[in-house]
Amino acid sequence: MDEIVAEFIRRTILKIPLAEVVKILRIWNFLPESQLKTLNLRQSKESVSQEVVELCKKKHASMKEAAILDIIYHQTCQIKKIWIVYKMTKAPGEEVDLFDMEEFKDSFKKVLQRTLKNVHISFRESEDNAVWIRVAWGTPYMKPNQYKTTYVVYHSQTPFVFICHCRIKKYIPELCQALMTAGSYHEIRQMELRSLYLDSLKAIVFKQYNQDFQTYCTPLEERNLETEIVDPRIIHENMKEKERIQRVTREAFGDYVQPRIEFAQYKLETKFKTDSKNGILAEREEPFRCLVKFSSPHLLEALKSLAPAGIADAPLSPLLTCIPHKAMNYFTIREK
């Protein structure tokens, strides 16, 4: 086995949580179960990684197998990188073609390798009708760098593509062209939607809000919003307002745990308005710009809890509640 491959496998194993190593190696299905049972997980992770490398050397692992291991790692540990959503569209009047996964992969590979000579492309299909694509980029004079990769997730017969750039952005036009050609689409555009949590992005664009998501926050409906009120004379009034707030919050966010988004960004562009023609700002043509960013480990659940907690009035601004419905968390607000 090539030393470059051995080092890549060693580094990949070191990134995997120790408790997940055997699970991911089983999914990889390259090493037999009898060898996996011999792994000593009570030693340091460095020693475990060296042990895995030695087993892979005996089976003459190549970069092809190592790349698949890397994809499985990213499928299992999806919160490591920012995912950006792209949407493809057909030409006007163009009908949807029957999708063939093998044709898609073959076409994607041919288009990209025709444009860029030194690229290493790997595919792995998942159970939810999606294909994961891993692209390691090289240069005209250098072999692909396996540590500078782009990951793409494409669900067959949908217009949505999820891309993790991983520091390499200059080849995105070529990547998008390969996706359009392979999927028989006419255009592709980047949506104003991104997150560390791929499953939440999928739920937003596929309108699947009612599934469970991993969360640091207790869902709103599981919280005890009742507070002890000493004076019995204000119970009735308080309950009416509390019921109104809960109803308005439920109408805006639903009864389910929200998709996980960590931030929302709003850019405001407005011109200075005055009745006076004098002054420094009166003749200013350039608009004023302001940037506001909300961030939280679970932003939508945090927004959902503001009114019931008494921190904000209900209902919240549509600019805050429309994030999952508009499939956006980057907004630019301009004058009409």
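## An aromatic cluster

Ring pairs join Phe99, Phe104, Phe108, Phe123 and Tyr154 into a cluster. Here, rings of Phe, Tyr and Trp (its six-membered ring) pair if their centres lie within 6.5 Å, and planes under 30 degrees apart count as stacked, over 60 as edge-to-face and the rest as tilted. By this rule there are 14 aromatic pairs. In one of them, the ring centres of Phe104 and Tyr154 are 5.0 Å apart and the planes are at 20°, so this pair is stacked. Phe104 sits in helix H6 (residues 101-115) and Tyr154 in strand S4 (residues 149-155), so the pair ties together parts that are 50 residues apart in sequence. How accessible is Phe104? Its relative accessibility is 1%, so Phe104 counts as buried (buried means under 20% relative accessible area, exposed over 50%, partly exposed in between, with a 1.4 Å probe and protein chains only). Tyr154 also counts as buried, at 1% relative accessibility.

Another pair to look at is Phe263 with Tyr330, which is edge-to-face, with 5.9 Å centre to centre and 90° between the planes. Phe263 belongs to strand S7 (residues 263-270) and Tyr330 to strand S9 (residues 330-334), so this pair ties together parts that are 67 residues apart in sequence. Both Phe263 and Tyr330 are buried.

## About the model and the whole chain

A word on what you are looking at: this is a predicted model, in which local features need pLDDT of at least 70 and side-chain atom pairs count only at pLDDT 80 or more, while totals for chains, interfaces and linings use all residues. Residues are numbered from 1 along each chain as its sequence is written, and side-chain values use heavy atoms, with hydrogens and water left out.

The protein has 12 helices and nine strands; helices (H or I, at least four residues) and strands (E, at least two) are DSSP runs, numbered from the N terminus. Of the 336 residues in the protein, 44% are buried. Contact means heavy atoms within 4.5 Å. Among contacts between residues at least 6 apart in sequence, 69% join residues at least 24 apart.

## Two helix pairs

Two packed helices are described by the angle between their axes and the distance between the axes. Axes are lines fitted to C-alpha atoms, for helices over the stretch in contact, and angles run from 0 to 180 degrees between N-to-C directions. Helix H1 (residues 3-15) and helix H4 (residues 45-58) have axes that come within 9 Å and cross at roughly 140°. That makes H1 oblique to H4 (angles under 35 degrees count as roughly parallel, over 145 as roughly antiparallel, 65 to 115 as roughly perpendicular and the rest as oblique). Which residues meet in H1 and H4? From H1 come Glu3, Ala6, Ile9, Arg10, Ile13 and Leu14, and from H4 Lys45, Glu46, Ser49, Gln50, Val52, Val53, Cys56 and Lys57. These residues divide into seven nonpolar, two polar and five charged; Ala, Val, Leu, Ile, Met, Phe, Trp, Tyr, Cys and Pro count as nonpolar, Asp, Glu, Lys and Arg as charged, and the others, Gly among them, as polar.

For helix H2 (residues 21-28) and helix H5 (residues 63-76), the axes come within 10 Å and cross at roughly 125°. H2 and H5 are therefore oblique to each other. Ile24, Leu25, Ile27 and Trp28 of H2 make the contact with Glu65, Ala66, Ile68, Leu69, Ile72, Tyr73 and Thr76 of H5. By class, this contact of H2 with H5 has nine nonpolar residues, one polar and one charged.

## Backbone points in the loops

Most residues other than glycine have a negative phi, and most peptide bonds are trans. Gln157, which is not a glycine, has a positive phi of about 60°. Gln157 lies in the loop between S4 and strand S5 (160-164) and is exposed, with a relative accessible area of 52%. Ser184 also has a positive phi, near 60°. Ser184 is placed in the loop between helix H7 (172-183) and strand S6 (187-195) and is partly exposed, at a relative accessible area of 30%.

Where is the cis peptide bond with omega of about 0°? This bond joins Ala314 and Pro315, and Pro315 is found in the loop between helix H10 (299-306) and helix H11 (318-321).

## Thr270 in strand S7

Thr270 lies in strand S7 and counts as partly exposed, at 26% relative accessibility. Thr270 and Arg334 are 64 residues apart in sequence, yet 6.2 Å apart in space, C-alpha to C-alpha. Leaving aside neighbours within four places in sequence, Thr270 is in contact with Pro287, Phe288 and Glu335.
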